[in-house]
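Hello,

Here is the structure I said I would pass on. My notes follow below it.

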Amino acid sequence: MPYATVEVARCEGGGGDMALAFDDVAEEVPVALEYNGISHAVMLATPADLEDFAVGFSLTEGIVANARDVFEIDTQVGGQGIAVQLRIAGDAFARMKTRRRAMTGRTGCGLCGVESLSQVARMPAPVASTARFDGASLHAGFAELQQRQALLRHTGATHAAGWLRADGTVAFVREDVGRHNALDKLIGALARSGEPVADGAALVTSRASYEMVLKAASAGIGILAAVSGPTAMAVRLAEQAGVTLAGFVRPGRHVVYTHSARLLPPRC
């Protein structure tokens with residue numbers, strides 16, 4: 001398996017003085033996801049936690065209904081990239097073939113390759129979440145998430161997604177060059193570990209786009225909180241899907257756009 005970082009030479013300085021030094025930069029490789037021998041998608045991703053990525057992607061794309069539908073995962077490293085080969089249940093494979101799409105995308109671009117506008121408007125089931133957090137717990141969760149971003153500290157080039165448990169602890173952190181990939185890795189880790197999602201929150205170090213809300217809702221996650229702002233399409237989807245969407249989370253401050261009752265105090 002390739003390393004998540006690669007050492008490269010660089011010149012650093014200003015004015016007339018330049019010095020040779022070395023940097024760790026984040027690796028980015030093509031990752032092909034193959035189901036029962038058929039290639040379905042190729043994404044650019046950081047080569048770490050790829051089994052989590054494969055399960056999370058399979059869940060958020062609606063390929064499998066739960067992690068139990070994934071029977072086996074095998075990772076093959078080749079000269080041009082990495083193939084993650086999944087063996088999935090027969091009924092899940094049949095559903096995948098009926099809605100198969102070409103999805104060769106840029107870094108975690110979840111809508112690249114959709115064949116019609118109607119495919120964009122996939123509506124997940126409404127989220128039933130019992131999660132409740134106050135602002136202090138949310139802010140402390142983001143502070144812990146930042147401390148646990150090892151790849152970001154080494155490279156300055158990765159996003160992270162973390163899971164905030166009901167007791168205020170951050171249980172899982174996954175990083176990737178793509179924000180969608182980081183969230184898929186987190187969702188996969190939750191599913192593979194059997195972690196309950198009804199009373200927790202997903203924290204992401206990116207903007208809250210439509211696709212991020214769609215992935216959270218597809219996994220049954222009731223709260224998605226981001227350090228940056230949301231898009232209008234993300235707000236509309238969050239409102240319809242029952243997801244609490246928060247943005248601009250900073251120490252002592254955050255903004256809630258939808259279903260504010262899960263983040264205390266519940267009213268403006």
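Is phenylalanine 248 buried, partly exposed or exposed? At 34% relative accessibility, phenylalanine 248 counts as partly exposed, where buried means under 20% relative accessible area, exposed over 50%, and partly exposed in between, with a 1.4 Å probe and protein chains only. Phenylalanine 248 lies in strand β12 and has a positive phi of about 50° although it is not a glycine.

Before the rest, the ground rules. This is a predicted model, in which local features need pLDDT of at least 70 and side-chain atom pairs count only at pLDDT 80 or more, while totals for chains, interfaces and linings use all residues. Residues are numbered from 1 along each chain as its sequence is written, and side-chain values use heavy atoms, with hydrogens and water left out. Helices (H or I, at least four residues) and strands (E, at least two) are DSSP runs, numbered from the N terminus.

Strand β1 (residues 5-14) pairs with strand β2 (residues 17-26) in the antiparallel sense over ten bridges; two strands pair if DSSP finds at least two bridges between them. Alanine 9 has phenylalanine 22 of β2 as its bridge partner. Two residues sit between the strands of this hairpin, and glycine 15 takes a positive phi near 65° there.

Across the boundary, 15 residues of domain 1 are in contact with 15 residues of domain 2, contact meaning heavy atoms within 4.5 Å.

An open sheet of four strands has the order β4-β3-β6-β5, with mixed pairing. β4 (38-45) and β5 (70-77) are at the edges with a single partner strand each, so one side of each is left without a neighbour in the sheet. Neighbouring strands of this sheet are turned by 20° against each other on average, direction ignored. For angles, axes are lines fitted to C-alpha atoms, for helices over the stretch in contact, and the values run from 0 to 180 degrees between N-to-C directions. Helix α1 (residues 50-60) packs on the sheet and touches β3, β4, β5 and β6 (82-88). The direction of α1 makes about 55° with that of β3.

Strand β3 (residues 29-35) runs antiparallel to β4, and seven bridges join them. Tyrosine 35 has isoleucine 38 of β4 as its bridge partner. In the loop between β3 and β4 is asparagine 36, a residue other than glycine with a positive phi near 50°. Asparagine 36 is partly exposed, with a relative accessible area of 31%.

Helix α4

Helix α4 (residues 135-147) has 13 residues and reaches 19 Å from its first C-alpha to its last, close to the 18 Å expected at 1.5 Å a residue. The expected span is 1.5 Å times one less than the number of residues. Buried in α4 are Gly135, Leu138, His139, Gly141, Phe142 and Leu145. They cover an arc of only 155° around the axis, which puts them on the same side of α4; the arc is that of the directions from the helix axis to the C-beta atoms. Ala136 and Gln147, on the other side of α4, are exposed.

The six-stranded sheet

Six strands make an open sheet in the order β9-β8-β10-β11-β12-β13, again with mixed pairing. The edges are β9 (170-176) and β13 (253-258), each with a single partner strand, so one side of each is left without a neighbour in the sheet. Strand β8 (residues 159-164) and strand β10 (residues 201-204) pair in the antiparallel sense over four bridges, and tryptophan 163 stands opposite alanine 202 in β10.

Alanine 202 is buried, with a relative accessible area of 0%. Not counting residues up to four places away in sequence, alanine 202 touches Gly162, Trp163, Leu183, Leu186, Ile221, Ile223, Leu224 and Ala225.

Two other residues

Histidine 180, in helix α6 (residues 179-193), is buried, with a relative accessible area of 7%. Proline 265 is in the segment after β14 (263-264), and the peptide bond from leucine 264 to proline 265 is cis, with omega near -5°.

Regards
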